[in-house]
Amino acid sequence: MMTQRSTEQWRALDAAHHLHPFSDTKSLNEQGARVITHADGVYLWDSEGNKIIDGMAGLWCVNIGYGRKDLAEVAKNQMEELAYYNTFFKTTHPAVVELSTLLAEVAPEGFEHVFYTNSGSESVDTMIRMVRCYWDIKGQPQKKTLIGRWNGYHGSTIGGASLGGMSYMHEQGDLPIPGIVHVEQPWWYKHGKDMTPEEFGIQAARWVEDKILEVGPDKVAAFVGEPIQGAGGVIIPPSTYWPEIERICRKYDVLLVADEVICGFGRTGEWFGHERFGFTPDIFTTAKGLSSGYLPIGAVFVGPRVAEGLIAGGDFNHGFTYSGHPVAAAVARANVAALRDEGIVAAVKEDIGPYMQKRWREVFSQFEHVDDVRGIGLIQAFTLVKNKATRELFPNWGEIGTLCRDIFFKHNLIMRACGDHIVAAPPLVISKDEIEQLLATAAECLREFEQALK
Ligand code: PLP
């Protein structure tokens with residue numbers, strides 16, 4: 001059992017010893033962290049006894065919901081049987097074999113191989129090394145440049161942060177590293193001007209073609225994108241975008257990579273986001289929903305072309321002490337089996353997802369400063385805008401979003417502000433009543449927010 005302390009004691013110790021990710025430590029410590037003590041379903045409780053609705057599934061990861069005792073049981077049993085062994089040097093173990101077998105079943109046809117990591121960032125870095133290794137094996141060592149997108153998010157390691165297009169991350173630590181370039185994101189609302197979304201989707205894909213031609217097709221290794229940009233603010237590309245990207249990548253013999261760390265494992269109503277958008281990547285990266293956050297694990301899914309190359313190519317000099325960790329693998333397997341066998345992914349497509357989308361649009365479209373109300377499956381967003389008629393955004397991007405997010409937080413609702421995009425991605429097991437509660441609270445908060453703007 002965890003030592004029982006008061007909120008103030010936890011805050012003081014946290015401030016004394018803990019440097020938080022993506023935080024301004026000084027202001028966090030002045031304010032005091034919110035101490036989350038337990039969770040069940042879609043709810044969290046803090047140390048003050050507040051019940052909070054988690055509209056973000058943690059960090060877009062607790063797909064199966066909190067408090068699944070069956071997953072805890074699986075972890076305990078596996079820990080007792082084989083707490084650890086590695087998968088280097090010609091060894092394996094039943095937990096990782098069973099997980100790989102199940103993943104090959106739920107993945108689209110052709111994705112027979114996975115490489116294990118501990119996080120989304122490690123999946124992305126693994127993919128970068130894999131892509132470059134692939135072109136070496138193919139006798140094209142000059143094909144090393146990767147194309148990412150501005151405002152994309154691919155993690156916090158040096159490779160992931162470089163490939164991502166978050167300028168505030170690039171500013172710290174001299175990123176991006178060489179060999180990584182970016183193109184503009186397919187955000188119709190801002191960049192689409194007078195084009196229809198479909199026309200804009202083609203135009204945004206052609207920016208990738210322009211970049212390939214600028215760098216030189218013989219030097220470009222891969223294009224990498226999230227099927228829906230998540231942390232960038234749930235930027236859903238027009239339907240024409242991904243098919244055109246696929247055509248362009250094939251034309252110039254550039255590998256196509258989908259970063260499915262958020263979209264994977266049912267978030268969009270399909271197992272993987274690229275299935276929703278109708279394209280086939282060569283590789284796709286995952287983490288988060290793979291274990292629903294119960295333990296850290298990620299997986300890179302490798303399609304036939306790259307798998308055959310790597311298998312024929314000899315040693316791949318890459319891996320982590322905990323690649324395919326037995327306890328994480330056993331829990332991930334139980335989680336994925338439950339997402340499938342309990343019909344959770346199917347319900348996102350057929351029932352709860354469409355319900356959320358309909359109600360999300362009905363509730364938020366009426367607000368004066370809310371526009372581009374959007375979503376797919378159980379990932380949705382809207383943008384706070386100054387003027388809906390002219391599609392004018394607020395100045396000081398992100399300031400208004402933070403103000404709004406803080407109002408949600410005060411009312412015990414967690415939704416996230418990505419700049420001035422307000423986003424929600426609740427656990428996939430959310431019920432219709434819980435959706436109504438989330439929407440009613442959010443609407444009340446938005447009224448308070450719009451009042452504050454006057
Ligand atoms: N890729 C995408 C698309 C993500 O959204 C994230 C995290 O949000 C990552 C990679 C990094 O994952 P992690 O934080 O597990 O390293």
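**Entry 1: the ligand.** I started with the ligand and found S119, G120, S121, Y153, H154, G155, E226, D259, V261, I262 and K288 around it, each with a heavy atom within 4 Å of it. I'm working with a predicted model, where local features need pLDDT of at least 70, side-chain atom pairs need 80 or more, and totals for chains, interfaces and linings use all residues. Residues are numbered from 1 along each chain as its sequence is written, and side-chain values use heavy atoms, with hydrogens and water left out.

Next I looked up some distances. A polar side-chain atom of S121 sits 2.5 Å from a ligand oxygen, and a backbone N or O atom of G120 is 2.9 Å from an oxygen of the ligand. For Y153, a polar backbone atom is 3.5 Å from a ligand nitrogen.

**Entry 2: N118.** Is N118 buried or exposed? N118 counts as buried because its relative accessibility is 18%, and the cut-off for buried is under 20% (1.4 Å probe, protein chains only). I found N118 in the loop between β4 and α6 (120-137); strands here are DSSP runs of E with at least two residues, and helices are runs of H or I with at least four.

Leaving aside neighbours within four places in sequence, N118 is in contact (heavy atoms within 4.5 Å) with P296, I297, G298, F320 and Y322.

**Entry 3: a pocket's lining.** I then checked which residues lie nearest the centre of the second largest pocket: T87, V114, F115, F316 and H318, out of 25 lining residues. A pocket is an open set of points on a 1 Å grid over the protein atoms alone, where a 1.4 Å probe fits, with protein on both sides within 12 Å along at least five of seven lines; lining residues have an atom within 4 Å of a point. β4 gives the most to this lining, with four residues.

Definitions and conventions:
Buried < 20%, exposed > 50% of the residue type's maximum accessible area, 1.4 Å probe, protein only. Polar contact = N/O pair within 3.5 Å; in protein donor to acceptor, adjacent residues only side chain to side chain.
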